[in-house]
Amino acid sequence: MSHVFHRNLNAPLPKAVRGDGVYLYDEGGKAYLDASGGAAVSCLGHGDAEVIEAIKKQAEQLAYVHSGFFTTEPLEALAGALIDSAPKGMETVYFTSGGSEAVENAIKLARQYYLERGESSRRTIIARRQSYHGNTLGALGVGGNAGRRQPFDPMLVDGVHIAPCYAYRYQLPGESIESYALRAADELEQAILMQGPRNVAAFIAETVVGATMGAVPAEVGYFKRIREICDRYDVLLVLDEVMCGIGRTGTMHACEQEGIVPDMITVAKGLGGGYQPIGAVIISQEINNMISQGSGAYKGGHTYNGHAIACAASLAVIQAIGQRGLLSKVDEMGNLLDKKLKSQFSDHPFIGDLRGRGLFRGVELVTCKGTKLPFSPSLGLSTAIKNEAMERGLVCYPGYGGVDGARGDHILLAPPFIISEAQIDELVFKLAESLEAALQKSHAYEVAA
Ligand SMILES: Cc1ncc(COP(=O)(O)O)c(C=O)c1O
């Protein structure tokens with residue numbers, strides 16, 4: 001009997017023993033093509049010799065110091081590398097152990113920034129429905145993932161939520177895509193006015209929505225208008241790139257493709273590539289200066305801030321992305337994956353939408369392409385597809401609730417940046433087989449008829 005308090009206490013898991021490139025192996029020797037990099041984490045794939053070497057070297061030299069007592073070489077070097085790669089105007093980096101912690105600290109930094117400015121009424125954080133910003137109480141409180149919020153709702157800080165930018169579902173008949181993007185963004189202005197601009201500290205959004213909706217980018221013009229609205233009301237813009245950042249969409253930071261610079265960017269997952277648990281808040285010069293020239297100290301802190309081995313591993317990951325030309329590989333392989341998914345699934349009666357950027361792709365299921373009605377959550381379709389895929393040696397990430405918090409099934413794909421064309425073929429083939437098996441077993445054809 002296992003003494004681990006697993007996520008699901010009643011479903012046994014295969015035991016993974018080894019990883020190599022895009023494949024994971026269980027104790028029986030079965031190979032699994034890791035088509036989601038876990039949860040969009042393993043950007044370099046598994047068993048990367050350079051990252052492993054960097055970890056070994058750092059562990060031998062120095063593993064841990066308290067971040068209030070010392071700085072270290074890997075910590076300084078990683079912060080420098082991240083600022084070099086970040087949009088102009090970003091100045092410093094606050095390191096955490098993961099994505100939720102990064103979001104928690106971005107929220108607190110927003111609050112402290114306004115306290116230092118003498119605007120103590122600013123405390124509200126506005127976010128979007130169908131978004132996920134982490135599972136700690138603060139991050140869950142700002143997030144808009146209804147399913148994950150529900151059991152803890154009475155304990156959460158009340159979040160203010162606007163609609164996501166999701167043209168497939170919310171663009172009106174006859175409305176141009178440009179008008180839709182602006183209409184969606186203008187909801188932020190209405191929300192700020194409702195709250196009272198002097199009470200709002202920040203707006204947080206995933207640049208490309210990940211787990212909750214399945215790789216949904218915003219339409220052109222959306223984030224430019226969001227930036228204008230934030231500037232007009234002096235509200236900070238925090239872009240959560242925990243899932244979509246660090247090269248996943250073909251640029252180091254997803255916001256580069258939106259042509260805007262936020263006030264803070266949260267990153268994690270691909271930052272450590274799965275080799276070490278690490279996250280970060282990338283902070284603008286304005287926020288950095290307000291605090292450094294004000295009280296001089298951020299009122300936060302975690303034991304493992306800037307852990308030396310985590311930083312050394314992450315630095316090796318960032319360097320590998322640059323030195324191996326992986327951003328253009330993400331672009332090239334992302335386009336190929338998109339093409340192959342479209343050729344396999346575009347005519348499938350239950351695939352409503354195929355979307356995403358780079359190697360961050362979503363496949364949304366519907367009962368009918370015309371009505372776009374989702375399947376009943378009671379079928380558990382996305383989980384059934386994931387289970388069928390595991391049987392066939394494919395790891396993909398199931399998502400649900402993307403339509404309205406409860407309904408909607410999608411599959412998220414986020415393979416390592418090193419995936420080859422033959423492996424993309426294997427991915428699409430196994431996904432198609434898994435989809436068909438799950439549809440048959442859950443009687444989806446009869447339900448939809
Ligand atoms: C956009 C986004 N923000 C925050 C988080 C939380 O990160 P973590 O699970 O590392 O705490 C996630 C995790 O999936 C995420 O996708």
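1. Two strands pair if DSSP finds at least two bridges between them. In this predicted model, strand 1 (residues 16-20) and strand 2 (residues 23-26) are joined by 4 bridges and run antiparallel. Within this pair, G19 stands opposite L24 of strand 2. The hairpin that the two strands form has 2 residues between the strands, and G21 adopts a positive phi near 65° there.

2. Strand 2 also pairs with strand 3 (residues 31-34), through 3 bridges and in the antiparallel sense. Y25 has A31 of strand 3 as its bridge partner. These strands belong to an open sheet of 4 strands, ordered 1-2-3-15, in which the pairing is mixed. Strand 1 and strand 15 (394-395) are the edge strands, each pairing on one side only.

3. Domain 1 comprises 16-42 + 325-448, and domain 2 comprises 50-323. The C-alpha centres of the two domains are 26 Å apart.

4. On the contact between the domains: 33 residues of domain 1 touch 29 residues of domain 2. On the domain 1 side, at least two residues each come from helix 1 (37-40), helix 12 (326-345), strand 13 (351-357), strand 14 (360-365), strand 16 (397-400) and strand 17 (409-413). Helix 12 gives the most to this side, with 5 residues. By class, the domain 1 side has 15 nonpolar, 11 polar and 7 charged residues.

5. A second open sheet of 4 strands has the order 13-14-17-16, with antiparallel pairing. Strand 13 and strand 16 are at its edges with a single partner strand each, so one side of each has no neighbour in the sheet. On average, neighbouring strands here are turned by 20° against each other, direction ignored.

6. Within the sheet 13-14-17-16, strand 16 and strand 17 pair over 4 bridges in the antiparallel sense. One of the bridge pairs is Y400 with D409, the latter in strand 17. Helix 13 packs on the sheet and touches strand 14, strand 16 and strand 17. The direction of helix 13 makes about 170° with that of strand 16.

7. Helix 13 (residues 381-391) also packs against helix 14 (residues 421-441), at an angle of about 125° and with the axes 8 Å apart. Helix 13 is therefore oblique to helix 14. The crossing is right-handed. From helix 13 the contact uses L381, A384, I385, E388 and A389, and from helix 14 it uses K430, L431, S434, L435, A437, A438 and K441. The residues of this contact are 8 nonpolar, 1 polar and 3 charged.

8. Helix 14 has a further contact, with helix 12. The axes of helix 12 and helix 14 come within 10 Å and cross at roughly 30°. Angles under 35 degrees count as roughly parallel, and the crossing of helix 12 and helix 14 is right-handed. M333, L336, L337, K340, L341 and Q344 of helix 12 meet E421, I424, D425, V428 and A432 of helix 14. This contact has 7 nonpolar, 1 polar and 3 charged residues. Helix 12 is also the element that gives the most residues to the side of domain 1 touching domain 2.

9. The remaining helix pair to note is helix 2 (residues 49-61) with helix 11 (residues 308-323). The axes of helix 2 and helix 11 come within 8 Å and cross at roughly 150°. Helix 2 and helix 11 are therefore roughly antiparallel, and their crossing is right-handed. Helix 2 contributes E50, V51, A54, I55, Q58 and A59, while helix 11 contributes A308, I309, A312, A313, L315, A316, V317 and A320. The residues of this contact divide into 12 nonpolar, 1 polar and 1 charged.

How values were computed. Residues are numbered from 1 along each chain as its sequence is written. This is a predicted model: local features need pLDDT of at least 70, side-chain atom pairs count only at pLDDT 80 or more; totals for chains, interfaces and linings use all residues. Axes are lines fitted to C-alpha atoms, for helices over the stretch in contact, and angles run from 0 to 180 degrees between N-to-C directions. Angles under 35 degrees count as roughly parallel, over 145 as roughly antiparallel, 65 to 115 as roughly perpendicular and the rest as oblique. A crossing is left-handed if the near helix is turned anticlockwise from the far one by less than a right angle, and right-handed if clockwise. Two residues are in contact if their C-beta atoms, placed from the backbone, lie within 7 Å. Ala, Val, Leu, Ile, Met, Phe, Trp, Tyr, Cys and Pro count as nonpolar, Asp, Glu, Lys and Arg as charged, and the others, Gly among them, as polar. Domain bounds come from an automatic or database domain assignment.
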